[in-house]
Amino acid sequence: PGGVEGRQRTVSISPEALAHIRRRRPKWLRFCLTHIPEVLSAPDYIGHRPRKDPRRVEFARLVGRPGRWLLVSVKFLDQKEEAWVSSAHPIEDAYLTRRLHAGTMQ
């Protein structure tokens with residue numbers, strides 16, 4: 001989306017990002033941590049909203065049983081050749097549909 005191109009790299013998650021997920025969605029922490037690698041390695045959708053933060057790319061995939069959409073937001077720091085998970089949380093079908101219609105996720 002939006003002409004985003006990238007190089008393959010290791011994506012890390014900081015203690016602060018873990019605390020953010022734990023604080024915002026405590027009952028989803030285990031689900032998120034279990035499925036983040038799966039989402040990042042083979043996303044169903046990739047999103048980009050350059051007006052918010054041009055360095056951030058969002059990855060979404062249907063994971064788990066029963067299936068849930070998990071959105072993982074990653075900030076790419078190209079000058080440092082680093083990538084960091086900034087957030088991860090389940091999303092509803094309606095949210096994904098809105099993003100697809102808005103063209104901010106493909």
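Analyst: A residue is called buried when its relative accessible area is under 20%. The model is predicted. D53 has 13% relative accessibility, so it counts as buried.

Start with the location. D53 sits in the loop that links β2 (45–47) to β3 (56–63). Its side chain makes a polar contact with the side chain of K75, at 3.3 Å. K75 belongs to β4, where it stands opposite R56. Strand β4 itself covers residues 68–77.

Now the strands on either side of the loop. β2 and β3 pair in the antiparallel sense, over three bridges. G47 has E58 of β3 as its bridge partner.

Next, the other pairing of β3. Eight bridges join β3 to β4, and these two strands also run antiparallel. Their hairpin has four residues between the strands. There, G64 takes a positive phi near 80 degrees.

β5 spans residues 82–91 and includes I91. I91 has 5% relative accessibility and therefore counts as buried. Beyond its neighbours within four places in sequence, I91 is in contact with R68, W69, L71 and L96. As for R22, it is 69 residues from I91 along the chain, and the two C-alpha atoms are separated by 16 Å.

Note on methods
Residues are numbered from 1 along each chain as its sequence is written. This is a predicted model: local features need pLDDT of at least 70, side-chain atom pairs count only at pLDDT 80 or more; totals for chains, interfaces and linings use all residues. Side-chain values use heavy atoms; hydrogens and water are left out. Buried means under 20% relative accessible area, exposed over 50%, partly exposed in between (1.4 Å probe, protein chains only). A polar contact is a pair of N or O atoms within 3.5 Å; within protein, one must be able to donate a hydrogen and the other to accept it, and residues adjacent in sequence count only if both atoms are side-chain atoms. Contact means heavy atoms within 4.5 Å. Two strands pair if DSSP finds at least two bridges between them.
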